[in-house]
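Please look through the structure below before reading on.

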Amino acid sequence: MSRMLVLTWDGAGNQVPMAALGAELAARGHEITVAGYASQLGRFVRHGFDFRTLPRADAGYPAEPPPEGWIPALVDSVWACPAHLDDVEDVLRDGGYSAVVADCLMFGALARLETSDVPTAVLVHSAPGALTPPGEPMEAMLLPAVNAVRERAGLQAVIRLWDAWAPFTTICASITELDPLDGKVPDAYPYVGPLFEHAAPSGMRLPWGAADPRPLVVASFSTGPAWDQESRIQRTLDAVAGLPYRAVVTTAHTDGAALRVPGNAVTRRWVPHGELLPGAAATVTHAGHGTVAASLAYGVPVVCLPNPAADQPALAARVAELGAGIALDGEAATPGEIAAAVRTVTEDPAYRTAAAALAARIATAPGVAAAADLIERPRPW
């Protein structure tokens, strides 16, 4: 049995593919240690993994949103975190690991790993052309901080964020069809398809009988702390109130008690995608990669209300371009506009046909087994 280290952080959809990959490696007989932030401990211990906190980085992680908001705070505390240089050094010194898998946005950790002799893989948890497109605002915000950390590690500056992945085996947990920059991502970064985390049954019971003929709408928004999703949730509830559909809306961090819930809808904190999507007619979502990929894997068309950052606007636009959904202005779309979009994607068969084509593509992607193969047999330096 070999020991493998997984480096991750408490975002949202980034943890799903990492947990799926860790589970596959554990099933192959490897001992998995996850290192990250204290808030992640429960999630990964439930999978049976050992867990180590990155103490210096965790101490600098804000307990609540700072005045400038979560996105700037994540630059220093996660994405280009100087504390990762020492934290990762300590973990490697104590561990005797045969391989490391690191989240693609932990550029401080990657800088330390670049100076290590431990074989390392980078897991890109979304389509790279949506998550970190060259020359776009995400890169402009991050690149100076990333290069400052690299300088502290004695490394040369990079011109693109993608270049920080180049020394490693890099695995993209998506399909090329979902990447708006398909064909422009380096060939050395293979796409293995979405990686889905196994989830224990929720025990949820819906208030409708099995024979209820009304189409089911699933609404799922970000589970991360960076955005307040209450407005999107409420506008979606108001939208389905006037439709002859049923709806299940997950609320995550939002206080469900403050929501106005119509009689044809129910709210739950969280429900595994696999319990709802097989019977769904449409998904309304913030357009995070995890929910988009899960919906499309079941051939369910999507209505996108993206938050104005990360990969969400690009993924929403890409889904619309592929004909598998409709992209709305997530900040401003009215209940009427959301209702009209839901009707369109459920009543026009072209949307389900396009979603079904992507489902077939996801089903034939190499998947988690191929990702684990790459980690067990990493690209030589």
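Is Gly 263 buried or exposed? Gly 263 has a relative accessible area of 78% and is exposed, where buried means under 20% relative accessible area, exposed over 50%, and partly exposed in between, with a 1.4 Å probe and protein chains only. Gly 263 belongs to the loop between β8 and β9. Its C-alpha atom and that of Asn 147 are separated by 53 Å, and the two residues are 116 apart along the chain.

The model is predicted: local features need pLDDT of at least 70 and side-chain atom pairs count only at pLDDT 80 or more, while totals for chains, interfaces and linings use all residues. Residues are numbered from 1 along each chain as its sequence is written, and side-chain values use heavy atoms, with hydrogens and water left out. Helices (H or I, at least four residues) and strands (E, at least two) are DSSP runs, numbered from the N terminus.

Turn now to the interior. In soluble globular proteins, nonpolar side chains tend to be buried together. A nonpolar core is a set of buried Ala, Val, Leu, Ile, Met, Phe, Trp, Tyr and Cys residues joined through side-chain atoms within 4.5 Å. The largest one here has 54 residues, and those with the most contacts inside it are Leu 7, Trp 79, Phe 107, Leu 113 and Trp 165. Elements that give two or more residues to this core include β1 (3–7), α4 (70–79), α6 (107–114) and α8 (137–152). The most comes from α8, with six residues. Leaving aside residues up to four places away in sequence, Phe 107 touches Trp 79, Leu 142, Val 146, Leu 161, Ala 164 and Trp 165; contact means heavy atoms within 4.5 Å. Another core, apart from this one, has 25 residues, among them Val 249, Val 303, Ala 333 and Val 342.

Next comes a sheet. Six strands form an open sheet in the order β9-β8-β7-β10-β11-β12, with parallel pairing; two strands pair if DSSP finds at least two bridges between them. Because β9 (265–268) and β12 (325–327) stand at the edges with a single partner strand each, one side of each has no neighbour in the sheet. From one strand to the next, the twist averages 15°. Axes are lines fitted to C-alpha atoms, for helices over the stretch in contact, and angles run from 0 to 180 degrees between N-to-C directions. Helix α9 (residues 230–241) packs on the sheet, and its direction makes about 175° with that of β8. Helix α11 also packs on the sheet and touches β7, β10 and β11. In the loop between β10 (280–285) and α11 (289–297) lies Ala 287. Ala 287 has a positive phi of about 75° although it is not a glycine, and it is buried, with a relative accessible area of 0%.

What kind of pair do the rings of Trp 9 and Trp 79 form? Rings of Phe, Tyr and Trp (its six-membered ring) pair if their centres lie within 6.5 Å; planes under 30 degrees apart count as stacked, over 60 as edge-to-face and the rest as tilted. The centres of these two rings are 5.9 Å apart and their planes lie at 85°, so the pair is edge-to-face. Trp 9 sits in the loop between β1 and α1, and Trp 79 in helix α4, 70 residues apart. Trp 9 counts as buried at 6% relative accessibility, and Trp 79 counts as buried at 4%.
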